[in-house]
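Here is a friendly briefing to read alongside the model. Please keep the sequence and the 3D view open as you go.

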Amino acid sequence: MTPAPLSPLLRVLAGETLERPPVWFMRQAGRYLPEYRAVRATAPDFIAFCHDPEKASEVTLQPLRRFPFDAAIVFADILLIPGALGQKVWFEAGEGPRLGELPSLDSMAGEIEASTDRLSAIGQTLSLVRAQLPADKTLIGFAGAPWTVGSYMIEGGSSDRSKARTFAYEQPQAMDRLMDILAEATARYLAMQEEAGAQVLKIFESWSEGLPEDLFHRLVIRPHQIILKRLKELGVTAPVIGFPRGSAAYAETYATEVDVQCVALDTAAPAALGQSLQKRVAIQGALDPLLLRAGGPELDRRVDQLLRQWGDGRYIFNLGHGILPDTPIAHVERVLQMVTGK
């Protein structure tokens, strides 16, 4: 039997340069869509929403029905793993995530295996989406990276990460063990997602900016290496996108030392950095979500610029961070028309 042709996104991750880059947006399923808000209003809270496969699969598919995206990313949240490891997690309306007291490391280490089962609803969501997604559309699974997730766990919610960095300096052994626990739980979670239908896996390191070089290696590169090694040991073959957001100075080192197939770039990534990375891996990014929201001639100019500067190499068009809730739908349509011609 002749194997099915790879989707555009998978072709780029396999090393091809396409005539036009595949495109998807981080947080493409979200509050800027009225159909998302309608489904969200039926869930009692955000965590319950993420754990409801019927609702989560519906909002995952919504942007694919409206726009010519080349991929769907499962609707979930990076803070599901702390809950699965025994830490209380909830969301306050208008304020973001809140986390209870950090459980003991021994307690969390004992919950790693069970944590994957507690996240099985996300696998069910992926299976429901894959069954409805056209074959030429790629399904992406994801997890938050250990440093980013760990910083929320230590600080109890969103903040400037100063408490978590201080924890890394004052209690290095405890921090390294927390990273190891999260890396193992994350690898198992991602392997489960591939088994459920994810064709690409993404690791979101959302808060790697500002780390000194030694901490970047210890809190970002080393845990990511552990995850990639464990994924291979678990039989995972899906390509992996790493997103060390805010760390352009270390992006070359990251691409060299972490065995990912693509490095996602944030809004500050210089053109030359992306072109250099493309010699080694695919790149993804890096339209400013604020510019997408603003729209107008400057948005057109920047889209053209990104396509020209990176379009002759392995490139996936995307934002440099998640789409903002008050982004006009017409602006999303405009960018996708420029990228895809549709």
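Arg27 counts as partly exposed because its relative accessibility is 48% (buried means under 20% relative accessible area, exposed over 50%, and partly exposed in between, with a 1.4 Å probe and protein chains only). This is a predicted model, in which local features need pLDDT of at least 70, side-chain atom pairs count only at pLDDT 80 or more, and totals for chains, interfaces and linings use all residues. Residues are numbered from 1 along each chain as its sequence is written, and side-chain values use heavy atoms, with hydrogens and water left out.

**Backbone points to check**

- Arg27 has a phi near 60°, a positive value in a residue other than glycine.
- Arg27 lies in the loop between helix H1 (8-13) and helix H2 (34-40); helices (H or I, at least four residues) and strands (E, at least two) are DSSP runs, numbered from the N terminus.
- Arg161 also shows a positive phi for a residue other than glycine, near 65°, and sits in the loop between H9 and H10.
- Arg161 is buried, with a relative accessible area of 13%.
- Gly285 and Ala286 are joined by a cis peptide bond with omega about -10°, and Ala286 belongs to strand S8 (residues 282-287).
- As background, most residues other than glycine have a negative phi, and most peptide bonds are trans.

**Two loop residues**

- Pro22 is placed in the loop between H1 and H2, and it counts as buried at 1% relative accessibility.
- Leaving aside neighbours within four places in sequence, Pro22 is in contact with Pro8, Leu9, Val12, Asp70, Tyr315, Ile316 and Phe317; contact means heavy atoms within 4.5 Å.
- Ala248 is found in the loop between strand S6 (240-244) and helix H13 (251-257), and counts as partly exposed at 29% relative accessibility.
- Ala248 and Leu265 are 17 residues apart along the chain, and their C-alpha atoms are separated by 7.6 Å.

**Helix H11 on its own**

- Helix H11 covers residues 172-196; at 1.5 Å a residue its 25 residues should span 36 Å, which agrees with end C-alpha atoms 36 Å apart. The expected span is 1.5 Å times one less than the number of residues.
- Of the 25 residues of H11, 18 are buried, so the helix is mostly covered.
- Gly197 follows H11 and has a positive phi, near 135°.

- H9 is largely enclosed by the rest of the structure, because 10 of its 10 residues are buried.
- Gly156 follows H9, with a positive phi near 85°.
- The axes of helix H9 (residues 146-155) and H11 come within 9 Å and cross at roughly 120°; axes are lines fitted to C-alpha atoms, for helices over the stretch in contact, and angles run from 0 to 180 degrees between N-to-C directions.
- That angle makes H9 oblique to H11 (under 35 degrees counts as roughly parallel, over 145 as roughly antiparallel, 65 to 115 as roughly perpendicular and the rest as oblique).
- On the H9 side the contact is made by Pro146, Trp147, Val149, Gly150, Met153 and Ile154, and on the H11 side by Met175, Leu178, Met179, Leu182 and Ala183.
- By class, the contact of H9 with H11 has 10 nonpolar, 1 polar and no charged residues; Ala, Val, Leu, Ile, Met, Phe, Trp, Tyr, Cys and Pro count as nonpolar, Asp, Glu, Lys and Arg as charged, and the others, Gly among them, as polar.

**Contacts of H12**

- The axes of H11 and helix H12 (residues 213-233) come within 9 Å and cross at roughly 35°.
- Residues in this contact include Met175, Asp176, Met179 and Arg188 of H11, and Arg218, Arg222, Ile226 and Arg230 of H12.
- The contact of H11 with H12 has 12 nonpolar, 1 polar and 7 charged residues.
- Helix H10 (residues 162-170) and H12 have axes that come within 12 Å and cross at roughly 95°, and the two helices are therefore roughly perpendicular to each other.
- Arg165, Ala168 and Tyr169 of H10 meet Leu215, Arg218 and Leu219 of H12, a set that divides into 4 nonpolar, no polar and 2 charged residues.
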